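Q: I would like to learn how to read aromatic pairs in a protein model. Can you take me through one?

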Amino acid sequence: MLVKVNKLSHSFGNHWVLKNLSFSVQEKEFVIVTGHSGAGKTTLLQLLHGVLPVQRGEAEIAGYKLNSLSQARLPCLRREIGVVFQDFKILGNKTVGENVALALEVRGKHKAQIQRRVNAVLRGVQMDHMRDVTCKNLSGGEQQRVAIARAIVVNPKILLADEPTGNLDNDLSLRLVQIFRKFNEHGTTVIMATHNKTIIEELACTQLIDLDKTRYTRS
Amino acid sequence: MTIFKLLLKGVANFKANKFEFALTLLGVVLITFIGTFLVLVAHNVQNRIVADKGEMQFQIYWKKGSDAELVKEDWARLGRMDSVQEMQTFEPGSGLQVLADSLGEDLDLSWFAGKNNPLPPTAVVSINLDRKRPEEQAREFKEEIQSLQRVDRIHYNPLQLDSAGSWLKFSRSVLWPLNFILLLLVGLIVGNTIKLAQLQVQDEIAVLRLVGAARWYILLPLLSGGAFYALAGGALALGLLKITQVSLNEVLNTAPFWLRVEYLTWHQSLTVLAVLTSVTVIFSWANIRK
């Protein structure tokens, strides 16, 4: 079991965003988390990424028990995970190539290896021609593709994606989702939060977690 | 090797933000200069106090009729003592002459010359008192002189010892802490300036954390960058202070002031750099902790 969530609850003040959520994810699954805005999709992904602490319930990801995970061990967990954030979290003053390379640099990869991987991944998200462009000069959609490239460049065991297609048109959204799909076929477990109905309908996911209904559908 | 690379990265990061780096460095230099200038003033005031008020005079009388050659040997021995700052010696004849000169021309003391001279050989010795233990040093000096076989008695003014002791105590208990507080203040302001400069990399730190960077991976470049700011800024400020000290000395070490302005000692200069670097590194570290 790669992800195991048991009776997970999370509140911001008196407002409970997640309540008694339980699910599990096997290796190589493609999971979609959906729900209306404010249903807790981002909160769930942030909990799984160790950004938010577990308040109630239990959560385990890639063998790391989040309830008892120390700050010192947190980077180890994060090196197993690739993440695409809703607000991209890319560095505007660095180039596209530098932003993508960052994830490999912190893992201590060699320069030549970094160059090779970055080039390959940028080709995959059709951003190779913009490798040396500073990110603050990119459109929202382009920044999002940089964020996706940075998440997948490390060949993560698990890929968490929070509304990765939020700023993209339908065509590009579907193309990028196909990249996730291909990635998933190569063995990466993908957990993607989206409220894009087209993607949910088009994508044959293995598990759909609808936070509106707290209902889990396994295909 | 990775650690070395990360340390270098902290310094190399300045290339990417040249303008911010120059402004921050200028801030560090100016703050350090103002702080160290005050330290320089305090240091010179302290030197002045020690030179003017930290002295003690002893009048030493040898036994009447002592062998003149042996007395001269005693004087030579006194002259070699580290604490002796100044010494005036009087053989009976020269002592009588000084006495006659001081009493005026109307008084004839010539009939005291030769064998009738009642004056013993004497010496007036000034010593620099130790800042930390003036009373003990004066007592030890007196005991050492008294141990000379031919010395008859020693006179000194206890009020002078009290006064010197009080001035030295003032210098020790006020000026040294003042130096320390000034250095700490400079360190805190510089640390805070660098902290503000590092705020611009907060986004980068946040992203590095999210993509799995270990704590030391984030910490080392920031620490080395902060230390570089402190060392470069501190060194430039000390250079500026040296120029100021030389200029001030040229102006003040002439008539009518005759005030010699001395530069900070090596020990003080290194302390300035050490305090700046330590405080900056601590501030940078605290930045990461947040």
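A: What follows goes from the fold of chain B to its ring pairs. This is a predicted model, in which local features need pLDDT of at least 70, side-chain atom pairs count only at pLDDT 80 or more, and totals for chains, interfaces and linings use all residues. Residues are numbered from 1 along each chain as its sequence is written, chains are lettered from A and ligands numbered from 1 in the order in which they are written, and side-chain values use heavy atoms, without hydrogens and water.

Q: How many helices and strands does chain B have?

A: Helices (H or I, at least four residues) and strands (E, at least two) are DSSP runs, numbered from the N terminus. Chain B has nine helices and four strands. Their order from the N terminus is α-α-β-α-β-α-β-α-β-α-α-α-α.

Q: What share of chain B is buried?

A: Buried means under 20% relative accessible area, exposed over 50%, and partly exposed in between (1.4 Å probe, protein chains only). Of the 290 residues in chain B, 41% are buried.

Q: How is a pair of aromatic rings described?

A: By the distance of the centres and the angle of the planes. Rings of Phe, Tyr and Trp (its six-membered ring) pair if their centres lie within 6.5 Å; planes under 30 degrees apart count as stacked, over 60 as edge-to-face and the rest as tilted. Over all chains, the count is eight aromatic pairs.

Q: Why does the pair Phe21(B) and Phe228(B) count as stacked?

A: The ring centres of Phe21(B) and Phe228(B) are 6.2 Å apart and the planes are at 25 degrees, so the pair is stacked. Phe21(B) lies in helix α2 (residues 18-53) and Phe228(B) in helix α8 (residues 215-252), so the pair ties together parts 207 residues apart in sequence. Phe21(B) is buried at 17% relative accessible area. Phe228(B) is partly exposed at 31%.

Q: Which strands hold Phe58(B) and Tyr156(B)?

A: Start with the geometry. The centres of Phe58(B) and Tyr156(B) are 5.5 Å apart and the planes at 50 degrees, so this pair is tilted. Phe58(B) sits in strand β1 (residues 55-62) and Tyr156(B) in strand β4 (residues 151-156), so parts 98 residues apart in sequence are tied together. Phe58(B) is buried at 2% relative accessibility, while Tyr156(B) is partly exposed at 32%.

Q: Which residue lies over the face of Tyr61(B)?

A: A charge sits over a ring if NZ of Lys or CZ of Arg is within 6 Å of the ring centre and within 35 degrees of the ring normal. Arg153(B) lies over Tyr61(B), 4.3 Å from the ring centre. In chain A, Lys89(A) lies over the face of Phe85(A), at 5.8 Å from the ring centre.
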